[in-house]
Amino acid sequence: MPQTSRRRVRTYDPDRTWSALLAQAGHVRDAVEELAPEAYAGESGLPGWDVRTLVAHIARQVNLLGVLLAEPEPVPGGKPTGLDEWTQATGPIADQLDASTRAAEQAMGDPVAAIDAAVDGLGPLRAQALRPGRLIPEPFGGMRALDFTVTRLVELVVHSDDLARATGREVAFDRQAVAAVARVLADGLAAKAPGNAVEVRVPPYAAVQCVEGPRHTRGTPPNVVETDPLTWIRLATGRTGWAEALAAAAVAASGERADLGPYLPVMR
């Protein structure tokens with residue numbers, strides 16, 4: 001009989017989430033302000049996108065919080081889309097996201113001004129973004145505003161890393177932002193591959209059990225995967241392949257079931 005997850009739904013502290021969002025958005029702004037004009041024509045590492053398109057995407061993803069909060073609040077009905085569901089919902093609309101990003105890039109003037117406006121626009125949104133019970137008409141169905149705010153952390157952290165690798169310039173990472181993203185993606189894996197046969201550890205931020213198979217009840221589990229937060233984020237979003245990470249000793253895997261290759265990436 002297939003195993004099902006009985007994990008407790010993880011919650012995120014509103015104030016810490018908001019502080020992390022502002023901090024990581026500020027780090028992106030700092031990095032973009034330092035880019036030379038010729039850097040925007042460079043490859044981003046994402047299929048078909050140059051650095052200018054990547055910056056347009058980041059600005060759009062930050063702006064999207066305000067856009068959705070400005071829409072009429074949905075009438076409470078079915079179960080809101082949760083973070084686990086969100087990690088699985090972006091892949092099927094990849095073409096739609098690509099088209100909207102390209103449109104945003106065409107409409108964007110100065111990239112620095114676009115990022116400045118996006119970051120500055122966050123300030124007035126705090127009360128509604130963190131209001132308990134506030135729903136927004138998120139593209140995959142109604143979603144709690146706080147959960148959607150957490151998804152903005154995922155966008156910012158993942159694309160901060162993309163920007164750094166594409167340009168060769170350091171982009172700082174807010175510790176709380178990285179912690180939240182590592183947890184969202186670990187929980188997404190546990191939802192995608194439910195079970196208790198493998199323990200995935202991303203110290204010091206996350207540890208989840210996943211994959212069908214024998215369940216351990218005490219002591220060290222027989223199947224363990226452990227890696228650092230940035231490697232985990234790259235694995236979970238398809239920036240790094242499983243075999244590549246193993247070969248580079250960026251991930252440790254012990255036990256006959258400790259192969260996450262079939263379940264990665266968690267989201268695209």
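# Core, pockets and backbone of a predicted model

Trainee: Which residues does Leu65 contact, leaving aside its neighbours within four places in sequence?
Mentor: This is a predicted model. Leu65 is listed among the residues with the most contacts inside the largest nonpolar core. Leaving aside neighbours within four places in sequence, its partners are Trp18, Leu21, Leu122, Leu125, Ala129, Phe148, Thr149 and Arg152.

Trainee: How many residues does the largest nonpolar core have?
Mentor: In soluble globular proteins, nonpolar side chains tend to be buried together. Here, Leu65, Leu163, Val200, Trp232 and Leu260 have the most contacts inside the largest nonpolar core. The number of residues in that core is 82.

Trainee: Which helices are included in what covers the buried residues of helix 1?
Mentor: The buried residues of helix 1 include Trp18, Leu21, Gln24 and Val28. Trp18 and Leu21 are also contacts of Leu65. The cover over the buried residues includes helix 2, helix 5, helix 6, helix 7 and helix 8.

Trainee: Why does Val157 count as buried?
Mentor: Val157 sits in helix 7. Beyond four places in sequence, Val157 contacts Gln24, Phe173, Ala177, Val178, Val181 and Ile233. Buried means under 20% relative accessible area. Val157 therefore counts as buried, with a relative accessibility of 1%.

Trainee: What separates the C-alpha atoms of Val157 and Ile233?
Mentor: Ile233 is one of the contacts of Val157. Along the chain, the two are 76 residues apart. Their C-alpha separation is 8.8 Å.

Trainee: Which element gives the largest share of the lining of the largest pocket?
Mentor: The volume of the largest pocket is about 780 Å³. Among its 35 lining residues, Trp49, His57, Leu97, His159 and Arg268 are closest to the centre. Helix 2, helix 4 and helix 7 each give two or more residues to the lining. The largest share, eight residues, comes from helix 7.

Trainee: How many charged residues are in the lining of the second largest pocket?
Mentor: The second largest pocket holds about 580 Å³ of space. Its lining has 26 residues, with Val9, Arg10, Gly82, Arg144 and Asp147 nearest the centre. By class, the lining has four polar and eleven nonpolar residues, and the charged count is eleven.

Trainee: Which residues does Thr53 touch, not counting residues up to four places away in sequence?
Mentor: Thr53 belongs to helix 2. At 6% relative accessibility, Thr53 counts as buried. Its contacts beyond four places are Thr101 and Glu105.

Trainee: What is omega for the cis peptide bond from Leu264 to Pro265?
Mentor: Pro265 lies in the segment after strand 6. Another cis peptide bond joins Pro203 and Pro204, with omega about 5°. Pro204 lies in the loop between strand 3 and strand 4. For Leu264 to Pro265, omega is near 0°.

Trainee: Is Ala249 buried or exposed?
Mentor: Ala249 has a positive phi near 60°, though not a glycine. Ala249 lies in the loop between helix 10 and strand 6. Exposed means over 50% relative accessible area. At 65%, Ala249 is therefore exposed.

Trainee: What is phi of Val211?
Mentor: Val211 lies in the loop between strand 4 and strand 5. Val211 counts as buried at 6% relative accessibility. Val211 is not a glycine, yet its phi is positive, about 75°.

Key. Residues are numbered from 1 along each chain as its sequence is written. This is a predicted model: local features need pLDDT of at least 70, side-chain atom pairs count only at pLDDT 80 or more; totals for chains, interfaces and linings use all residues. Side-chain values use heavy atoms; hydrogens and water are left out. Helices (H or I, at least four residues) and strands (E, at least two) are DSSP runs, numbered from the N terminus. Buried means under 20% relative accessible area, exposed over 50%, partly exposed in between (1.4 Å probe, protein chains only). Contact means heavy atoms within 4.5 Å. A nonpolar core is a set of buried Ala, Val, Leu, Ile, Met, Phe, Trp, Tyr and Cys residues joined through side-chain atoms within 4.5 Å. On a 1 Å grid over the protein atoms alone, a cavity is a set of points where a 1.4 Å probe fits but cannot get out, and a pocket is an open set with protein on both sides within 12 Å along at least five of seven lines; lining residues have an atom within 4 Å of a point. Grid points are joined across faces, edges and corners, and a volume is the space filled by probe spheres set on the points. Ala, Val, Leu, Ile, Met, Phe, Trp, Tyr, Cys and Pro count as nonpolar, Asp, Glu, Lys and Arg as charged, and the others, Gly among them, as polar.
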